[in-house]
Amino acid sequence: MTAVTRPASTNRVHPRDALFGAGEVAPSLPACDHYCGVEARMRKSLALQGELGPCFDITLDAEDGAPVGGELDHIALMAELLNSAENRHGRVGARVQAVDHPMFDAMVDALVRDAGQRVAYVMLPKPRGLADLQRGIEAIDAAALRHGIGRTIPVHALVETHGALREVQALAAHPRIESLSFGLMDFVSEHRGAIPQGAMGVKGQFEHPLVVRAKLEIAAACHGFGKTPSHCVVTEFKHRSALEAAATRACRELGYTRMWSIHPDQIRPIVEAFSPTVAEVDHAIEILLAAQAADWAPIRHLHAGQDTLHDRASYRYFWHVLERAHRTSVAGGEQLPGEVRQAFFAA
């Protein structure tokens, strides 16, 4: 039962228009970012994305995936897949080598030349700070200009060095950055043995103070500048309960809205962990429909025996709940009722 403060209006203003100013809405990225670098796994991942829908991104990997000396051949394969009918949803990105790698410029040039219109984003690994990030972005933009690519290619970056963590606020503030990811393995290795190996595991990475500090700083920086924080990998890919627990903690405790997958079996558990509960979705729908009917003025709402007041601050929270439900919907498992989907998320 909902009581509103004034008569319902026939004017239905969309939540995005009513609640957010220009530039306030962060990019709506899928909750899972799946990495693969071997051809068979890349093709399998594309097939799975075609089956489940764009509830997860695929990042084709030319950093760990490319053989030494075969970097450009690997980029050519990635471009072929990006341009193929297998890329049904346009949610496939690419990771290149670090900016100080001897093949970096050639890889970026070939990727942008051959697939600049289709690549969803370019992931830049191991920046040592803002200067490396800027260099990488300039290389991407120069290649786009050189090859007549008429779009601005989104950029993601990995925070896995001391310098990147020191300058994480500046990285998140960069207007070309869409998402920052935490690179757990390289970050731990950067401490020269001072952080034990156990901190790379599913349990230790949520307990070691230096690792937790890094995760929190990345998440806070991203939210401060409207970017997407992406949580690191869980290497124990066959331990489903551990993965579910890690994904839940990343989402519920550390503020991450996206997480890496390194095995197809990790995709569904990550998406499910980052999905709001049915009760959360139902509550959000009640609040937002009542608020919309009241032209986004404050309302009173009775829920679970509690009579509460809501205004635009809580409306924004509940809108993010619905966005998350929509973003984590797997084909055949839509969380939102059809009328809500049509009213709020129709193209």
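Domain bounds here come from an automatic or database domain assignment. For this protein, that assignment gives domain 1 (15-20 + 277-345) and domain 2 (32-274). The structure is a predicted model, in which local features need pLDDT of at least 70 and side-chain atom pairs count only at pLDDT 80 or more, while totals for chains, interfaces and linings use all residues. Residues are numbered from 1 along each chain as its sequence is written, and side-chain values use heavy atoms, with hydrogens and water left out.

**Domain arrangement and interface area**

- The C-alpha centres of domain 1 and domain 2 are 30 Å apart.
- Contact (heavy atoms within 4.5 Å) links eight residues of domain 1 with ten residues of domain 2.
- About 690 Å² is buried between domain 1 and domain 2, and carbon and sulfur atoms give 49% of this area; buried area is the accessible area (1.4 Å probe) that two parts lose on being put together, summed over both.
- Of the area that domain 1 buries against domain 2, 58% is supplied by Arg324, Thr328 and Val330, more than by any other three residues.

- One salt bridge (a side-chain nitrogen of Lys or Arg within 4 Å of a carboxyl oxygen of Asp or Glu) is counted between domain 1 and domain 2.
- A salt bridge joins the side chains of Arg252 and Glu280, at 2.8 Å from N to O.

**Cysteines**

- The whole structure contains zero disulfides, a disulfide being a pair of cysteine sulfur atoms within 2.5 Å.
- The cysteine sulfur closest to that of Cys32 belongs to Cys55 and is 7.8 Å away, which is too far for a bond.
- Cys32 counts as buried (under 20% relative accessible area, with exposed over 50% and partly exposed in between; 1.4 Å probe, protein chains only), since its relative accessibility is 0%.
- Cys222 is likewise in no disulfide, and the nearest cysteine sulfur, that of Cys232, is 13 Å away.
- Cys222 is also buried, at a relative accessible area of 0%.
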